[in-house]
Amino acid sequence: AVPLQQALVLMPARLRVPLPCPDLPELVLGCIKAVQEHASAAQQEKVDAWEEERRVSKYADGLQQLPATKRIPMDPKQWRCEESGLQENLWLNLSTGHIGSGRANWDGTGGTGAALKHYEATGKKYPLVVKLGTITPHGADVYSYAEDEDDMVLDPHLARHLSHWGINMMQMEKSDKTMAPHLSSLSSPSLLRRILPLQMEKSDKTMAEMNIELNLSYEFDKITEAGEALEVLSGPGLVGLKNLGNSCYMNSVLQVLWALPELRQRYVDAAAGLFRSAPSDAASDFATQFAKVGVALLSGKTGAPPAADGAEPMAYEKEAVTTEGGLEATVEDEAAEANAVAPQMFKSVAGRGHQEFSSNRQQDAEEYWGHLLQLLSRAEHAAGERLPGARDAPTARLFTYGTEDRIQCSETGRVAYKAGESSSLGLLIPMEAAENKSEVAQYQERQQKRQKLKEEGAAPKDEEEEKVRPRVPFSACLEGWGADSIVEDYQSAAAGKKVVATKRTRLTSFPPYLLVQLRRYYTDVDTWQAKKLDVEVEAPQELDLEPLRAKGGPQPGEGLQPEEAEAPAAAAAAPAPAAPEPDELIVAQLVSMGFSENGSKRAALAVGNSSAEAATNWVMEHMGDDDFNDPLPPPGAAPAAAAGGFTADPEAVANLTVMGFTERQATGALAACQGSVERAADWLFNRGADLDAAVEAALAPPGAAGGASGGGSAAAADAAPTQSADLLDGPGRYELVGIVSHIGANTACGHYVCHVKKEGRWVYYNDEKVAASKQPPFSLGYLYLYRRRE
């Protein structure tokens with residue numbers, strides 16, 4: 001790479017003037033500055049990517065505005081904080097007309113917080129403020145200080161609210177009025193049209209732009225743990241991943257996955273053959289793009305993967321420009337560029353067809369982990385000989401463990417066993433088990449006193465102290481997972497009615513790797529907003545889960561629940577039960593959140609009316625379905641998957657057969673999943689050795705032997721998947737090798753980083769930044785990856 005040299009070129013004479021050149025006329029210098037400072041297309045894309053979703057403020061309608069005793073000047077040079085006199089990061093209170101500086105940034109820049117202090121001093125009655133300098137005809141940054149919002153918001157009446165203080169939004173792009181008279185004398189109207197917009201942009205950075213600037217200017221050599229600078233690392237296995245705009249969740253998951261030797265052996269060691277056999281549209285081939293990322297990270301070569309037999313190498317994405325001599329010069333810092341790659345193609349192919357992962361919004365790393373394992377299973381099944389052995393031993397098996405639920409009827413004492421599988425162990429955090437409750441209470445009391453003194457203007461400046469968080473033992477989380485739980489309305493075949501039952505879950509196998517998720521995030525039932533538990537849970541570096549191993553099914557002396565087939569013959573002749581109705585309370589709660597009534601009903605039925613939270617999660621995953629807003633079928637109507645009358649969509653069948661399944665298998669899966677391709681794919685991969693039997697059952701006519709009765713084959717087949725017989729197992733003793741941590745209020749915002757143990761030391765990955773870690777966040781992680789100790 002060579003330094004980027006800017007120059008002014010006069011055409012058609014091609015006269016080239018290297019920049020900077022102070023001898024140029026002032027008019028020309030002004031035009032050059034406008035072009036140089038204008039946001040590039042790439043920068044604008046980054047702004048769009050970092051722009052968080054904002055909701056309309058509840059205070060915008062009917063906003064109280066005091067009489068306009070003053071007019072806000074249109075010239076940005078006249079804007080000043082009314083307390084400090086600062087001229088940057090200024091916020092106008094839309095109700096009072098007060099101009100105050102914003103809060104300080106993490107690096108001490110930004111302001112004095114005068115705008116927030118004014119809100120507090122006026123009784124917290126006027127919450128909406130707008131950032132001066134970001135106002136354009138298209139909108140502006142608006143913030144709500146109200147405690148129930150406390151976030152960036154939208155004000156649909158912003159033009160009227162600004163007009164009250166003398167600000168015309170349609171004239172607020174122009175930040176330098178002195179250039180217009182000179183520009184109007186130019187002889188080229190086309191040149192005038194191109195330069196004027198550059199001179200008339202907003203005069204201050206938006207919050208999205210500031211986020212980008214702070215993120216990109218975060219000096220890596222100043223990142224510290226316990227106040228000590230970290231050693232920057234680079235080379236094979238120590239390559240960073242560039243943030244593509246809220247892609248830190250993907251980067252962290254990929255860094256942890258690619259630390260596993262099994263993935264290196266399957267994808268990187270065989271990369272040449274995989275690239276050679278790639279389809280013509282390699283950009284859409286998941287296996288190719290996944291291997292491409294692995295080659296870059298593990299080889300340390302961030303330019304292009306090795307060419308196969310003289311074939312053209314597939315270049316990695318990097319922003320570049322071509323200089324006059326044809327040399328390519330990277331725009332970003334050379335050191336960071338040399339040790340990082342931008343996985344744009346991989347992000348695109350991995351998110352294709354997924355409503356959330358195809359967007360630029362922040363996501364849940366645990367959900368993305370499961371999503372990647374599904375994509376890997378599908379790609380490996382379809383790859384065939386391109387990935388030898390992958391179809392019989394998919395990568396997902398490395399993380400999949402079996403579970404056994406033991407359910408005991410409270411009236412008869414009889415038990416039933418149900419098998420299941422999962423790829424992540426989710427642990428709830430019992431806050432009542434905190435070891436330092438008294439210390440937390442004392443800290444909160446001191447904080448309340450400080451806040452009271454602050455409101456009275458008498459808060460000492462040296463009273464701040466480190467936050468005291470609740471500390472919950474990791475063992476308490478494990479005990480909660482393995483403890484007996486109550487099951488309401490359990491249909492006991494032995495009692496012949498619904499009863500209360502107790503359920504206990506145990507592990508039937510221990511995979512080579514176990515992902516543990518600490519469920520720090522929850523949905524507030526009052527506000528329906530995602531929130532985070534601010535708690536420390538010290539994850540052990542060595543973990544013994546053998547006490548949670550299942551005993552292997554029914555034990556001597558246990559009375560088992562009878563099979564449904566043993567029910568009295570009269571019961572078989574009884575009329576079919578009425579179709580379930582969606583819970584009205586759940587539907588009402590979802591409708592109040594803005595979802596359609598039909599979609600809300602579908603969600604309630606899909607989760608068995610279990611809870612509004614479960615229904616909300618279902619909506620988030622299925623709101624993009626074609627039939628989401630369609631009316632429910634009338635009671636008694638044959639389900640779409642009813643055997644005998646089911647006709648599969650040829651395109652849906654084709655989408656499944658390219659994964660390596662037969663047409664009949666694809667048709668059976670679609671029949672079992674009401675035609676949903678996504679669910680059908682999961683259904684096929686989860687059947688293992690019992691796939692053909694499950695397909696025949698799904699396609700069997702109603703009432704046929706082996707088929708589901710009452711037209712419910714789809715639901716029955718999908719509700720009770722059998723456990724695969726080829727789950728990997730070994731000793732239930734593990735060591736910690738990876739941590740994914742989240743910084744932020746909830747998984748829809750904030751930032752992810754990860755720590756990976758490599759060759760006996762912990763390495764810290766923060767997007768493209770890589771360093772040796774001294775104090776990994778064992779107590780503040782979100783996902784913990786453990787490796788089984790043989």
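Which residues in H19 meet Ala615, Trp618 and Val619 in H20?

**Entry 1: conventions.** I am working with a predicted model, in which local features need pLDDT of at least 70, side-chain atom pairs count only at pLDDT 80 or more, and totals for chains, interfaces and linings use all residues. Residues are numbered from 1 along each chain as its sequence is written, and side-chain values use heavy atoms, with hydrogens and water left out. I take helices (H or I, at least four residues) and strands (E, at least two) as DSSP runs, numbered from the N terminus.

**Entry 2: H19 and H20.** I looked up the opening contact and found Gly599, Arg602, Ala603, Ala604 and Ala606 on the H19 side; contact here means heavy atoms within 4.5 Å. By class, I note 6 nonpolar, 1 polar and 1 charged residues in the contact of H19 with H20. In this scheme Ala, Val, Leu, Ile, Met, Phe, Trp, Tyr, Cys and Pro count as nonpolar, Asp, Glu, Lys and Arg as charged, and the others, Gly among them, as polar.

I then turned to the geometry. Two packed helices are described by the angle between their axes and the distance between the axes. For H19 (residues 597–606) and H20 (residues 612–622), I recorded an angle of about 120 degrees and axes 8 Å apart. The axes are lines fitted to C-alpha atoms, for helices over the stretch in contact, and angles run from 0 to 180 degrees between N-to-C directions. H19 and H20 are therefore oblique to each other; angles under 35 degrees count as roughly parallel, over 145 as roughly antiparallel, 65 to 115 as roughly perpendicular and the rest as oblique. The crossing of H19 past H20 is right-handed, the term for a near helix turned clockwise from the far one by less than a right angle, anticlockwise being left-handed.

**Entry 3: H8 and H14.** I examined a further pair, H8 (residues 248–257) and H14 (residues 365–383), which pack at about 55 degrees with axes 9 Å apart. H8 and H14 are therefore oblique, and H8 passes H14 in a right-handed crossing. From H8, I listed Tyr249, Met250, Val253, Leu254, Val256 and Leu257, which meet Ala365, Tyr368, Trp369 and Leu372 of H14. The residues of this contact divide into 10 nonpolar, no polar and no charged.

**Entry 4: His161.** Is His161 buried or exposed? I found His161 in helix H4 (residues 158–163), and its relative accessible area of 1% makes His161 buried. The cut-offs are under 20% for buried, over 50% for exposed and partly exposed in between (1.4 Å probe, protein chains only). The His161 side chain makes a polar contact with the side chain of Asp155 at 2.7 Å. A polar contact is a pair of N or O atoms within 3.5 Å; within protein, one must be able to donate a hydrogen and the other to accept it, and residues adjacent in sequence count only if both atoms are side-chain atoms. Setting aside neighbours within four places in sequence, I noted contacts of His161 with Ala60, Leu63, Gln65, Leu94 and Asp155.

**Entry 5: backbone.** Where does Pro12 lie? Pro12 is in the loop between strand S1 (7–10) and strand S2 (15–18), and the Met11 to Pro12 peptide bond is cis, with omega near 5 degrees. The loop between S1 and S2 also holds Arg14, which has a positive phi of about 60 degrees although it is not a glycine. Arg14 is exposed, with a relative accessible area of 65%.
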